[in-house]
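Subject: Structure for you to look at

Hello,

Here is the structure I said I would pass on. Please open it and keep it beside this message while you read.

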Amino acid sequence: MSLKCNPKSVRQLIQFTNCRLVRDHRLIEDDLWVRDGKIINPEPVFYDERSKAHRRIDCGGAIIAPGYIDLQINGGYGVDFSYDKETIEAGVKKVATGLVQNGVTSFCPTLVTSPTDSYHSILPRMPQHIEGGAGILGVHAEGPFINPQKKGAHPENCIQTIDNGLDTLRATYGQLERIKIITLAPEQVHDAGVIDQLVATGITVALGHSMASLSDGERAVQHGATLITHLFNAMLPFHHRDPGLVGLLASDAIPPGRTVYFGIIADGVHTHPAALRIAYRTHAEGLILVTDAISALGLEDGVHHIGQLPLEVKGGKAFIAGTETLCGSIAPMDECVRIFKRATDCTTVYAIEAATLHPARCLRIEREKGTLDFGTDADFILLDDGLHVRSTWIAGVCVHQATSND
């Protein structure tokens, strides 16, 4: 496959040929047409406009898939979104432009439990668009309304409780407009009506870092929660008399027409291959691949940060410094997709959709992202049969092309 990135291609009518498209839950041999940053239906171009492509790109038999969407990423390339508050704009730009190498075209910068003044400093300055980088969907606020018994890498002195509904959240975060996801422990929420209120503002409520029983989780879902944060991690282990949040994957108390989604870290460290298979076979529709990547993503072993805490990367694993507590991943999204496919023996299309369609549906943005449907954003990737990223395109512009050595 031979193509050259052309930054001026956004307004051109581009035809991608000799490719297989991820569309309608299968791989189909068809051309992809792009114009003005959107994927378009070619029929009106042929019959109404009588136009031809300004540029034809031979994809050499590659797979064209929607760009990956990462709903939980704490940083990367030496940047920690929660810690580097004085340089947050430059930090987000560095991560956004780095992620395209891994096929990520949209992401939610994730803030772990932090002091109130950190939220007030970071959220108003969180960039909403990075030229040439992955798109920013909004912040994932993972905390501070979590259970200290399942704090993981979150500083216990910063954990809070929701004592006064939305007023508590506004006082803590300073603003809600930049937040797309909030992870909270449902057993710590005494008035579940606050979940309804958050959902009404367009925020996705996730459950995690929790000691919740299954009934606690079901109550939260009945009030609008739709996501579980990094399944199996920082929650009660499955028990046959009370399966906890894990039980939501097979609960019969979920409101009709509602899907419970769950993030899962397929980095080869956080989640055993058998656990990946259990989750996949139990509730395939809701499975979302997340990286939970930390500042050490893309870096060598050494000492780094996650929020307020120092971390140490050794032997490909990240721990809170001086402990054996895991604290995030250093595996990029494309590697997680490949690991997941090998572990579960799922189809190529399913592995891709777990990092594209499913997160888009969870955030209710599938009309814009996560598919190659006509009218959606032209955020897509070219993959070889081994699911290695050959090039990444955002709004119809090539922002990354792999070298022959990649």
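The second largest cavity is lined by Leu 71, Gln 72, His 140, Leu 227, Ile 228, Thr 229, Gly 263 and Val 290. Two elements each give two or more residues to this lining: strand 8 (68–73) and strand 16 (227–228). By class, the lining of the second largest cavity has 4 nonpolar and 4 polar residues, with no charged ones. Its volume is about 30 Å³. Please keep in mind that this is a predicted model.

In total, the structure holds 2 cavities of 30 Å³ or more. The largest cavity contains about 40 Å³ of space. Among the residues that line the largest cavity are Gly 67, Ile 69, Thr 105 and Ser 106, along with Glu 368, Lys 369, Asp 377 and Asp 379. Gly 370 and Thr 371 also belong to the lining of the largest cavity. Sorted by class, that lining has 1 nonpolar, 5 polar and 4 charged residues.

The other finding is a pair of helices. Two packed helices are described by the angle between their axes and the distance between the axes. For helix 7 (residues 273–282) and helix 8 (residues 333–344), the axes come within 9 Å and cross at roughly 80°. Angles of 65 to 115 degrees count as roughly perpendicular, so helix 7 is roughly perpendicular to helix 8.

Which residues meet where helix 7 contacts helix 8? From helix 7 they are Pro 273, Leu 276, Arg 277 and Tyr 280, and from helix 8 they are Phe 340, Ala 343 and Thr 344. The residues of this contact divide into 5 nonpolar, 1 polar and 1 charged.

Regards

Methods
Residues are numbered from 1 along each chain as its sequence is written. This is a predicted model: local features need pLDDT of at least 70, side-chain atom pairs count only at pLDDT 80 or more; totals for chains, interfaces and linings use all residues. Side-chain values use heavy atoms; hydrogens and water are left out. Axes are lines fitted to C-alpha atoms, for helices over the stretch in contact, and angles run from 0 to 180 degrees between N-to-C directions. Helices (H or I, at least four residues) and strands (E, at least two) are DSSP runs, numbered from the N terminus. Angles under 35 degrees count as roughly parallel, over 145 as roughly antiparallel, 65 to 115 as roughly perpendicular and the rest as oblique. Contact means heavy atoms within 4.5 Å. Ala, Val, Leu, Ile, Met, Phe, Trp, Tyr, Cys and Pro count as nonpolar, Asp, Glu, Lys and Arg as charged, and the others, Gly among them, as polar. On a 1 Å grid over the protein atoms alone, a cavity is a set of points where a 1.4 Å probe fits but cannot get out, and a pocket is an open set with protein on both sides within 12 Å along at least five of seven lines; lining residues have an atom within 4 Å of a point. Grid points are joined across faces, edges and corners, and a volume is the space filled by probe spheres set on the points.
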